[in-house]
Amino acid sequence: MSDSFCSTVVTFPEGAIEASSTIVHIQRVLGLDPKATHWAVFTEATPFHPVDPTWPDQPGDTGVLLTDVGELPVTGCVTAAVARAGGELLVDAEITAKRGDPEYAWLVCHLVADRAGDLPGRLVGTAAKLLVDRRRRRRLSVAHTACHLTGLALNVNLADRWRKPIRTDGLGRPDFDGVAIVSSRIAEDGAMDTYRLGTSLRKAGFVSEGFADGVSALQSAIETSVAEWVRQAGQITVLTKGSALHDRRTWECVLQEGTARTSCGGTHPQNTGELGSVTVRCAFDPDTKLLTVATTVVPS
Ligand SMILES: [Zn+2]
């Protein structure tokens, strides 16, 4: 790849789902799906959201590229990086650099199913229209905000279990969600978050005695908190420090009790009222000390 490769300009943070841009590079990539090779198509700018390899919570967008050789279905979207000093294109899990490392260009990689082998020569330098699958994007966005609200609701309902001061969330409560989370996976119909209530959380001041007995009450309390925030139709904004893929972004949500903010690289609806009905199921395994919180959303 060229040593002058620029980081991709992204427009998904403000909710864009289509754009026109120039194709700047195409190459075959291997290994993402052992059953098929893909073309990785790169453009100067894109509305497509790629999965983040370091915190793969929200899946990459799908959609189509309208090009001079016809419509190319985008079956997935991942992050790629290339050292500015030159080197191999690293895709998704191959990336070892820290997110946003200035020594690298950070790229949105549109995956197009393999086809006749003449894509690169014919398309590099030409214009393309990029169209994200609108329905899937909306569902992922709604599920992502539901996931954040569930985390805030956990913090509300576990606030009295802390016996030491700990960092607080945007609403001023001890940030259980931020310190105990192990993984987060967002899907079209909701999210699954996993938290560890182990030794390090106890040392940080969390009181876990009797936790298992209160899980069903916790589940109902989370649903009540989230339902109230959905009723408020609080305005959501994704704040950005720049337009490059690796620039830091923050989810901001205005609720009656305050403005919640959390670092987030995903996409979101414009207000919490779009979440419609949210159901939460909590399960705690006393052996592994893992709490799973499954959030299901039926958008309004
Ligand atoms: Zn997020």
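This is a predicted model: local features need pLDDT of at least 70, side-chain atom pairs count only at pLDDT 80 or more; totals for chains, interfaces and linings use all residues.
Residues are numbered from 1 along each chain as its sequence is written, and side-chain values use heavy atoms, with hydrogens and water left out.

Trainee: How many helices and strands does the chain have?
Mentor: Helices (H or I, at least four residues) and strands (E, at least two) are taken as DSSP runs, numbered from the N terminus. On that basis the chain has five helices and 16 strands.

Trainee: What is the radius of gyration of the chain?
Mentor: The radius is taken over C-alpha atoms, and the globule rule is 2.2 Å times the number of residues to the power 0.38. For 300 residues the rule gives 19 Å, and the chain is close to this, so it is as compact as a globular protein of that length. The radius of gyration of the chain is 21 Å.

Trainee: Which domains divide the chain, and how many residues of domain 2 are in contact with domain 1?
Mentor: The bounds come from an automatic or database domain assignment, which gives domain 1 (9-132) and domain 2 (136-298). Their centres, taken over C-alpha atoms, are separated by 30 Å. With contact meaning heavy atoms within 4.5 Å, 26 residues of domain 1 are in contact with domain 2, where the number of residues is 21.

Trainee: Which element gives the largest share of the lining of the largest pocket?
Mentor: Elements that give two or more residues to this lining include helix 3 (176-180), strand 10 (181-187) and strand 13 (249-255). The largest share, six residues, comes from helix 2.

Trainee: Which element gives the most to the lining of the second largest pocket?
Mentor: This pocket holds about 370 Å³ of space and is lined by 18 residues, with Glu 14, Gly 15, His 268, Pro 269 and Gln 270 nearest its centre. The most, five residues, comes from helix 2.

Trainee: Is Arg 136 buried or exposed?
Mentor: Arg 136 is found in helix 2 and, leaving aside neighbours within four places in sequence, is in contact with Pro 59, Gly 60, Asp 61, Thr 62 and Glu 188. Buried means under 20% relative accessible area, exposed over 50%, and partly exposed in between (1.4 Å probe, protein chains only). At 16% relative accessibility, Arg 136 counts as buried.

Trainee: What separation is found between the C-alpha atoms of Thr 292 and Arg 281?
Mentor: Thr 292 is found in strand 16 (residues 290-298) and is partly exposed, with a relative accessible area of 26%. Beyond neighbours within four places in sequence, the contacts of Thr 292 include Met 192, Arg 281 and Cys 282. Thr 292 and Arg 281 are 11 residues apart along the chain, and their C-alpha atoms are separated by 8.1 Å.

Definitions and conventions:
On a 1 Å grid over the protein atoms alone, a cavity is a set of points where a 1.4 Å probe fits but cannot get out, and a pocket is an open set with protein on both sides within 12 Å along at least five of seven lines; lining residues have an atom within 4 Å of a point. Grid points are joined across faces, edges and corners, and a volume is the space filled by probe spheres set on the points.
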